[in-house]
Amino acid sequence: MSGAPCEVWFYHLERSSTEQVLPELLEKTLGRGWKALVRGSDAGRMEVLDGHLWTYRDDTFLPHGLAREPMAERQPVLLTDGLDNLNGGDALFLLDGAEPGDLAGFSRCVLLFDGRDESALAQARCRWAGFKKAGHPVSYWRQGAERGWEKQA
């Protein structure tokens, strides 16, 4: 990282679930040559997501592991409910209202939230204000009418 503040991208999920969106975002992250840390608020949820990432598509492999497993620091995608960046991730993915912790060392933080859930929407608005006040460049992405994401002004 160049010392620039971590970019924070908000992904407003409206028609797709986290399980549908996250694998593609992780593939793009790995395609950049980055490591990813996926932080959730519940260890059980991370285990379910671990199982999903093994089976979400038949024609590809997404290398990943759980933080409690041996050699967690070597995983290109690491799933955790803790605050440590054990794998030296470049991109932090926040799920289910997980706390961001210290963003130093990350190039990008991606906060995924369910736009159909009023409490998740309210929390995302608060986080937006907090990140902006802390000097992080923030971006808001919304699902397009067809497929893909559109950056909102």
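Ala 120 touches Phe 113 and Asp 114, leaving aside residues up to four places away in sequence; a touch, or contact, here means heavy atoms within 4.5 Å. Ala 120 sits in helix H3, which covers residues 118–133. Helices (H or I, at least four residues) and strands (E, at least two) are DSSP runs, numbered from the N terminus. With a relative accessible area of 17%, Ala 120 is buried. That label means under 20% relative accessible area, while exposed means over 50% and partly exposed covers what lies in between, using a 1.4 Å probe and protein chains only. For a sense of distance, the C-alpha atoms of Ala 120 and Leu 26 are separated by 22 Å, and these two residues are 94 residues apart along the chain.

A word on the ground rules. This is a predicted model, in which local features need pLDDT of at least 70 and side-chain atom pairs count only at pLDDT 80 or more, while totals for chains, interfaces and linings use all residues. Residues are numbered from 1 along each chain as its sequence is written, and side-chain values use heavy atoms, with hydrogens and water left out.

Now step back to the whole chain. It has three helices and eight strands, and from the N terminus on the elements run β-α-β-α-β-β-β-β-α-β-β. How does the radius of gyration fit a compact globule? For 153 residues such a globule would come out near 15 Å, and the chain has 15 Å, so the two agree. That radius is taken over C-alpha atoms, and the globule rule is 2.2 Å times the number of residues to the power 0.38. Along its principal axes, the C-alpha trace spans about 40 × 35 × 30 Å. Of the 153 residues, 44% count as buried. Take the contacts between residues at least 6 apart in sequence, and 65% of them join residues at least 24 apart.

On to the salt bridges, of which the structure holds 10. The term means a side-chain nitrogen of Lys or Arg within 4 Å of a carboxyl oxygen of Asp or Glu. One of them pairs Glu 14 with Arg 142, with the closest N and O atoms 2.8 Å apart. This pair links distant parts of the chain, 128 residues apart: Glu 14 is in the loop between strand E1 (7–13) and helix H1 (18–31), and Arg 142 is in strand E7 (residues 138–143). Glu 14 counts as partly exposed at 23% relative accessibility, and so does Arg 142 at 30%.

Another salt bridge joins Glu 27 and Arg 57, whose closest N and O atoms are 3.6 Å apart. Because Glu 27 lies in helix H1 and Arg 57 in the loop between helix H2 (43–55) and strand E3 (65–66), the pair ties together parts that are 30 residues apart in sequence. Glu 27 is partly exposed at 26%, and Arg 57 is partly exposed at 36%.

Then there is Glu 47 with Arg 68, at 3.1 Å between the closest N and O atoms. Glu 47 lies in helix H2 and Arg 68 in the loop between E3 and strand E4 (77–80), so parts 21 residues apart in sequence are tied together. Glu 47 counts as partly exposed at 40% relative accessibility, whereas Arg 68, at 59%, counts as exposed. Salt bridges with shared partners also join Glu 19, Arg 45 and Asp 96 into one network.
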